[in-house]
Amino acid sequence: MKSNMLKKVVVGTTLTMTMSVAVASTDIPYNVLSQSMSSVAYANEEISVEKVSLDQNELNLKAGAPMPLTATISPKDATVKEVEWISSDETVAKVEMINERPTIIAGKPGDATITVKTIDGGKTATAKVHVTNSIDVSGDGLLTKDDLKIILKNQNSHEGDHRWGKAQKADINDDKKVNHSDIQMMQDKLASYKGEFLYKRVVFIGIDGAGNAVKDPQANAKNIQKLISEGAGTYEAKAMLPTISAQNWGSMFHGVVPSKHQLTNAIVGKNPYPEKNPYPSYMKMLKQERPMLQQASFTTWSPINKGIIEDSAGAFKVNGRNDETTTQKAVDYIKTKGQNTRNIFVHLDEVDGAGHSNGYYTPKFYEQVQKADQQVGQIVQALEEEGLMDDTLIILTADHGGTLNGSHGGSSPEEQTVFWAAKGQSIKPGTELSNEVEVVDTAAVIARALRLDIPKNWDAEIPKGLFQDKK
Ligand SMILES: [Ca+2]
Ligand SMILES: [Ca+2]
Ligand SMILES: [Zn+2]
């Protein structure tokens with residue numbers, strides 16, 4: 001399948017190299033020409049494409065996984081920027097436009113080469129794609145005994161035999177046969193989670209700028225207080241420094257301190273998080289490990305969906321623009337798709353807005369905290385109505401607080417102290433967490449609950465005493 005990546009861009013404001021040649025050959029003084037230049041004259045003078053490159057040249061993908069590719073054409077101001085995408089085997093890997101970006105969709109196991117070719121000049125770059133089966137053999141986004149059962153049922157099959165068509169999805173170690181090695185691999189995977197409660201989804205609600213105001217009577221945060229009393233919490237958790245949104249949401253999603261993920265408000269508003277990076281988000285890791293997994297992100301502050309959660313996370317992304325709409329969209333989604341969704345993020349932003357306008361920890365700020373609490377209540381009610389509470393882990397926190405005069409970014413206690421709370425079957429009601437909890441730890445908690453291996457390079461850790469599983 002061929003798709004065009006970029007619209008044609010016509011250069012129309014600067015004189016080009018070819019232009020100056022034209023000037024010399026026709027003997028017209030430069031200043032005269034530049035003032036009387038017609039658009040026709042510009043259109044005739046094209047800047048040729050010299051080169052095209054891709055951000056990723058070698059990819060290992062699980063069957064069904066999405067992976068955006070970024071093609072860069074040089075020179076940057078080349079006139080014709082259109083490209084086409086060609087796959088050597090579309091059953092293994094094809095390119096589709098998703099979120100307006102060319103995206104590889106991995107197909108069946110095997111190898112394919114994706115080539116990007118410029119329309120002007122026919123310049124090319126390639127990406128080699130190796131596709132293997134996901135360990136989520138059952139395709140429900142979870143790692144359970146069901147996955148092991150399917151492998152057991154399909155053992156003693158190999159490439160080419162009459163059963164292979166159906167059995168090959170159980171070949172999780174990519175050696176073209178289903179045998180004891182695949183069984184062992186899945187058993188080892190499940191053994192590391194033995195005795196731990198099987199959560200079927202995580203609902204993570206983030207309240208921007210809320211600090212630890214939910215503890216104060218003025219906030220009247222009944223719904224959040226109830227969740228904390230039924231689960232675990234601390235009002236003395238720490239935000240990352242600087243106490244700014246992108247740095248902190250970035251740490252919660254990517255599991256590392258801001259100096260490592262390097263996200264800032266300016267960056268997340270502009271660019272997608274680079275796919276070639278040592279610190280992928282837990283959402284990306286989940287989707288890349290288990291491509292059939294469904295997840296969603298509802299944000300009032302859209303840069304989280306643009307610049308923090310990668311498109312390779314394959315998440316259903318909604319930008320609500322205000323907290324009421326964000327909440328409503330999340331509630332609608334829970335009611336229609338919550339059952340089979342493994343990961344839902346909801347971001348409320350108006351508490352931070354009230355803090356900036358009126359000062360944090362002021363009466364108007366508390367009023368907004370109370371509204372956010374009611375929105376949390378609506379989300380919890382939707383989960384209850386759909387019968388999803390028993391196998392959902394709910395996490396609540398804030399990215400930072402703020403000062404009485406309406407700012408944040410510094411290291412004062414009002415800016416850095418936040419609440420952190422979680423409720424789920426493997427959490428004992430009334431668990432008090434220590435003040436060692438940091439917002440970055442959120443990533444580790446979500447990963448563990450969904451049985452995603454916590455990367456060794458993460459700073460995130462599971463708060464001590466949070467989970468009460470039998471070992
Ligand atoms: Ca599964
Ligand atoms: Ca195998
Ligand atoms: Zn703010």
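Two residues are taken to be in contact if their C-beta atoms, placed from the backbone, lie within 7 Å. The structure is a predicted model, in which local features need pLDDT of at least 70 and side-chain atom pairs count only at pLDDT 80 or more, while totals for chains, interfaces and linings use all residues. Residues are numbered from 1 along each chain as its sequence is written, and chains are lettered from A and ligands numbered from 1 in the order in which they are written.

By that contact criterion, Lys 145, Asp 147, Leu 148, Ile 151 and Leu 152 of helix H4 meet Asp 182, Ile 183, Met 186, Gln 187 and Leu 190 of helix H6; helices (H or I, at least four residues) and strands (E, at least two) are DSSP runs, numbered from the N terminus. H4 (residues 145-153) and H6 (residues 180-191) pack at an angle of about 170°, with their axes 9 Å apart, where axes are lines fitted to C-alpha atoms, for helices over the stretch in contact, and angles run from 0 to 180 degrees between N-to-C directions.

Turning to the sheet, eight strands form an open arrangement with mixed pairing, in the order S15-S14-S16-S12-S17-S18-S13-S19; two strands pair if DSSP finds at least two bridges between them. Strand S15 (316-319) and strand S19 (431-432) stand at the edges with a single partner strand each, so one side of each is left without a neighbour in the sheet. Strand S13 (residues 232-238) and strand S18 (residues 417-423) run antiparallel and are joined by five bridges, and Gly 233 has Ala 421 in S18 as its bridge partner. Helix H17 (residues 441-449) lies across strand S12 (201-207), strand S17 (392-397) and S18, running at about 175° to S17.
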